[in-house]
Structures are given as structure tokens and as C-alpha cells.
Amino acid sequence: MAEFELFIGNKNYSTWSFRPWIAMRHKGIAFKETLVPFDFENGNPKFRDFSPSMKVPVLKHGDLTVWDSLAILEYVADCEPETGLWPADPRKRARARSISAEMHSGFPALRAECPMNMRRPAEQRSVSEAVKADVARILQIWDECLETSGGPFLFGDFTIADAMYAPVVSRFDTYGLNDASVAARYSQTLRGLDAWQAWEADALKETWVVAVDEV
């Protein structure tokens with residue numbers, strides 16, 4: 001079987017790259033990492049060589065190209081079912097897919113006002129009511145999932161749902177967006193992963209600067 005190759009962007013900023021990367025790394029799924037930075041005003045013209053959408057991440061598997069973070073995670077889950085990227089129970093899996101899709105398409109205010117920036121010193125930031133509403137909804141999701149599963153991850157064990165919300169943990173911590181105990185516990189769980197710490201260590205070493213994300 002051909003090797004997975006995951007094309008990603010800057011580790012400091014690229015939330016969408018972070019999602020499949022942390023899932024595959026944490027689950028022990030072997031892949032080749034190819035980082036192509038987007039330190040240009042409009043991305044990077046080199047993306048054209050591997051990405052139909054001119055965005056990252058992209059997964060190459062033999063002659064197959066998969067773009068979009070959630071599509072990549074779904075494909076890898078199909079290829080590696082024994083890794084438990086989705087909950088085994090159909091009802092739990094449906095819920096995990098629902099909250100993953102909500103993260104994939106939702107929370108526009110949080111994305112716009114609080115971009116992921118792992119190098120940024122942690123400091124509370126004044127945000128709009130729309131961001132506060134996004135934060136409240138995310139906390140509701142985390143609280144309900146963790147209460148039902150018993151933790152430490154949203155569905156007990158690490159799943160795609162946790163990968164989808166990992167960049168949110170970074171944003172919450174960087175911008176001091178809440179002091180809820182559920183967020184603190186969940187943050188500690190994800191930040192304690194070897195995969196998280198490896199990604200963050202690389203992010204802090206990067207020198208590329210994307211001005212629009214330096215808020």
C-alpha cells in the first residue's frame with residue numbers, strides 16, 4: 001500500500017493542517033510530512049503543484065489526492081479503521097460527526113477575530129458579542145460531550161472530533177477567551193499529548209510571519 005503524504009502549511013497558523021496532523025500523529029498512523037509555507041500575500045504559488053484548491057492541507061495516497069481537513073480525516077478513518085478515529089457505536093459516531101461538521105462550517109466570528117497563533121504571548125483580548133456566542137456554543141458542546149463520555153476526550157478516547165476542536169483550544173488559551181473549568185480540563189488533556197507538544201515545538205521555531213494573523 002502506498003504511503004500517506006500530508007501537505008501542510010505553517011504550524012504556527014494553519015488550523016486546518018493541524019487537524020489531520022494531530023489525529024494521524026496521535027493515532028500512530030505513518031505518514032510523510034511535507035510543509036509548504038504560506039508566507040506570501042495570497043498563499044503560495046507552489047500550492048498549485050499539489051493542491052486542486054490552492055489550499056492546505058492535502059493528502060496524497062498513491063494516485064489519489066484528498067483535500068480539505070475533514071475529508072482527509074474521513075478517508076484515513078476508512079483506511080485505518082482499527083485506530084478508532086470515529087467512535088465505534090453508531091449513535092456516538094453520528095454525534096461526533098455532527099459536532100465535527102459544526103466546527104468545520106461554523107464559528108466564523110471566532111475564526112476571523114482570533115486566528116490561531118501559537119507564538120503569540122497569551123493575553124486576554126476584547127472580542128465581539130459574536131465571538132462570545134461562538135465560545136458559549138463550543139463550551140456547551142464540550143460540556144455535554146465530556147459529561148456524557150466521562151472524558152478525558154470528547155467521546156472518551158481521542159477521535160476526529162477532538163482533532164477538529166484542537167485549534168480552538170489553542171485560540172482559547174492564547175486570547176484568554178474564557179475561564180470555564182471544562183475548557184481548562186480539556187485544554188490540559190489535549191496540550192498534554194505528545195503530538196500536540198511536537199507540533200507546538202515546531203510552530204514556535206518558525207520565522208514566517210503572516211501579518212493578517214498577527215492580531
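In which loop does Pro57 lie? In this predicted model, Pro57 is placed in the loop between E2 and E3, and the peptide bond that joins Val56 to Pro57 is cis, with omega at about 5°.

## Cis peptide bonds

A cis peptide bond is also found from Gly151 to Pro152, where omega is near 5°. Pro152 belongs to the loop between H5 and H6, whereas the loop that holds Pro57 runs between two strands, E2 and E3.

Lys11 sits in the loop between E1 and H1. Because the relative accessibility of Lys11 is 1%, under the 20% limit, this lysine counts as buried. When neighbours within four places in sequence are left aside, the contacts of Lys11 include the acidic residues Glu33, Asp202 and Glu206, and among the others are Trp21, Leu35, Met116, Met118, Trp199 and Ala203.

Helix H3 spans residues 90-105 and so has 16 residues; from its first C-alpha to its last it reaches 22 Å, close to the 22 Å expected at 1.5 Å a residue. The buried residues of this helix are Ala96, Ile99, Ser100 and Met103, and because they cover an arc of only 100° around the axis, they lie on the same side of H3. An α-helix has 3.6 residues a turn, so residues three or four places apart point the same way.

The buried residues of H3 pack against several helices, namely H1, H2 (69-79), H4 (108-113), H5 (129-149) and H6 (160-175). On the other side of H3, by contrast, Pro90, Arg91 and Ser105 are exposed.

## Positive phi angles in two loops

Asp68, a residue other than glycine, has a positive phi near 90° and lies in the loop between E4 and H2. With a relative accessible area of 31%, Asp68 is partly exposed.

Phe107 likewise is a residue other than glycine with a positive phi, in this case near 60°, and its place is in the loop between H3 and H4. Phe107 is buried, however, because its relative accessible area is 6%, which is under 20%.

## Cysteines

A disulfide is a covalent bond between the sulfur atoms of two cysteines. When pairs of cysteine sulfur atoms are required to lie within 2.5 Å, the count in this model comes to 0 disulfides. Cys79 counts as partly exposed, at 31% relative accessibility, whereas Cys145 is buried, with a relative accessible area of 2%.

Notes:
Residues are numbered from 1 along each chain as its sequence is written. This is a predicted model: local features need pLDDT of at least 70, side-chain atom pairs count only at pLDDT 80 or more; totals for chains, interfaces and linings use all residues. Side-chain values use heavy atoms; hydrogens and water are left out. Buried means under 20% relative accessible area, exposed over 50%, partly exposed in between (1.4 Å probe, protein chains only). Helices (H or I, at least four residues) and strands (E, at least two) are DSSP runs, numbered from the N terminus. Contact means heavy atoms within 4.5 Å. The arc is that of the directions from the helix axis to the C-beta atoms.
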